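Okay, thanks for coming, everyone. Let me put the model up on the screen, and then I'll walk you through a few places in it.

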Amino acid sequence: MTAEVASKRKSICIIAYSGELEPTWASMIIASTAAAMDMEVSIFVTFWGFGALVKDSKRLPGKNLMQRMLSVMQRPGISHRKLSKMNFMGMGPWMMFQLAKKYNVSKPKDLLGMCQELGVKIYPCQMTMDLFGLNKEDLIDGLEDPVGAATMLQLATEADSTLFI
Amino acid sequence: MDIKLKVDASGLSCPLPILKATQGMKTIQPGELMEIVATDPGSVKDMAAWASSTGHMLVEQDSANGKFRFVLRHK
């Protein structure tokens with residue numbers, strides 16, 4: 001292997017579109033592991049993916065009634081994600097977290113912390129922030145500046161692999 | 001063999017053994033050895049993939065009584 005090849009780090013771009021517990025979990029596992037494997041990782045967060053970027057403590061973000069109603073219908077925050085199937089008013093996620101504890105599986109929130117510790121770059125989608133009425137203060141710390149689809153496409157086409165989750 | 005750091009990842013599920021290995025490697029110097037013990041059967045292949053991706057060398061590997069032991073040299 002030449003020095004040039006060896007020095008080029010592999011890169012992965014994840015488009016975090018879904019807001020339910022399972023896809024959020026999958027994104028966090030893949031992103032943290034990729035960073036641990038010394039890859040350059042970027043996550044572009046858009047639409048329902050923002051459920052994981054809003055602070056857990058933020059109850060009703062949004063600037064107008066409709067935006068706030070969205071927050072009522074699905075509580076934001078990475079610790080409040082619902083299952084896509086068998087949610088049963090929160091019983092499903094509760095059981096899932098009990099199982100995760102029993103089998104020593106890291107929760108999405110812990111993996112997100114690991115991602116940030118390992119230098120994963122998380123880009124919020126500006127358009128979604130406008131649509132949902134989200135401010136920078138509503139979101140967790142340590143994110144990149146909000147960007148648009150063009151930046152996402154640049155990240156995706158320059159990465160060795162891109163995942164839409 | 002002079003093991004600089006021992007990491008116990010027993011009982012932990014994917015991807016925690018790999019994340020623990022990454023954290024451990026950050027605390028030792030190039031050339032030094034880290035031993036990591038895991039019980040996750042997936043970690044056998046995962047640790048090799050992680051080593052090949054990061055460039056750290058997997059110098060020893062064995063298993064006994066459901067425990068998988070890896071010795072890695074910091075690149």
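Let's begin in the middle of things. The largest nonpolar core has 55 residues, and those that touch the most other members are Ala31(A), Ala35(A), Ile43(A), Phe44(A), Val45(A) and Cys115(A). By a nonpolar core I mean a set of buried Ala, Val, Leu, Ile, Met, Phe, Trp, Tyr and Cys residues joined through C-beta atoms within 7 Å. And buried means 20 or more other C-beta atoms within 10 Å of a residue's own; with 12 or fewer a residue is exposed, in between it is partly exposed, and the C-beta atoms are placed from the backbone. Helix α2 of chain A, residues 21–36, gives the most to this core, with nine residues.

Quick housekeeping before I go on. This is a predicted model, where local features need pLDDT of at least 70 and side-chain atom pairs count only at pLDDT 80 or more, while totals for chains, interfaces and linings use all residues. Residues are numbered from 1 along each chain as its sequence is written, and chains are lettered from A and ligands numbered from 1 in the order in which they are written.

What does Ile43(A) touch, not counting residues up to four places away in sequence? The list is Ile14(A), Ala16(A), Ser27(A), Ala31(A), Val120(A), Ile122(A) and Tyr123(A). Touching, or contact, is when the C-beta atoms of two residues, placed from the backbone, lie within 7 Å.

Now α2(A) itself. Helices (H or I, at least four residues) and strands (E, at least two) are DSSP runs, numbered from the N terminus. α2(A) has 16 residues and reaches 22 Å from its first C-alpha to its last, close to the 22 Å expected at 1.5 Å a residue; that expected span is 1.5 Å times one less than the number of residues. Since 13 of its 16 residues are buried, α2(A) is largely enclosed by the rest of the structure. Just after the helix, Asp38(A) takes a positive phi of about 70°.

Okay, on to where the chains meet. The contact takes 12 residues from chain A and 11 from chain B. On the chain B side, α1 (16–25) and α2 (43–54) each supply at least two residues, and α1(B) gives the most, with four. That side of chain B has six nonpolar residues, five polar and no charged. For the classes, Ala, Val, Leu, Ile, Met, Phe, Trp, Tyr, Cys and Pro count as nonpolar, Asp, Glu, Lys and Arg as charged, and the others, Gly among them, as polar.

So which way does α2(A) pass α1(B), left-handed or right-handed? The crossing is left-handed, meaning that the near helix is turned anticlockwise from the far one by less than a right angle, with clockwise being right-handed. The two axes come within 9 Å and cross at roughly 35°. Axes here are lines fitted to C-alpha atoms, for helices over the stretch in contact, and angles run from 0 to 180 degrees between N-to-C directions. Ser32(A), Thr33(A) and Ala36(A) of α2(A) make this contact with Ile18(B), Leu19(B) and Thr22(B) of α1(B).

Let's stay with α1(B) and look at its other neighbours. It's mostly covered, with seven of its 10 residues buried. Those buried residues pack against α2 and α5 (108–117) of chain A together with β1, β2 (33–38) and α2 of chain B. With α2(B), the axes of α1(B) come within 10 Å and again cross at roughly 35°, but this crossing is right-handed. From α1(B), the contact uses Pro17(B), Ile18(B) and Ala21(B), and from α2(B) it uses Ser43(B), Asp46(B), Met47(B) and Trp50(B).

The peptide bond from Cys14(B) to Pro15(B) is cis, with omega near 0°, and Pro15(B) is found in the loop between β1 (3–9) and α1 of chain B. Over in chain A, Phe47(A) isn't a glycine, yet has a positive phi of about 40°. It lies in the loop between β2 (40–45) and α3 (65–73) of chain A. Met86(A), also not a glycine, has a positive phi of about 55° and is in the loop between α3 and α4 (91–102) of chain A. Why call Met86(A) exposed? Because it has 10 other C-beta atoms within 10 Å.
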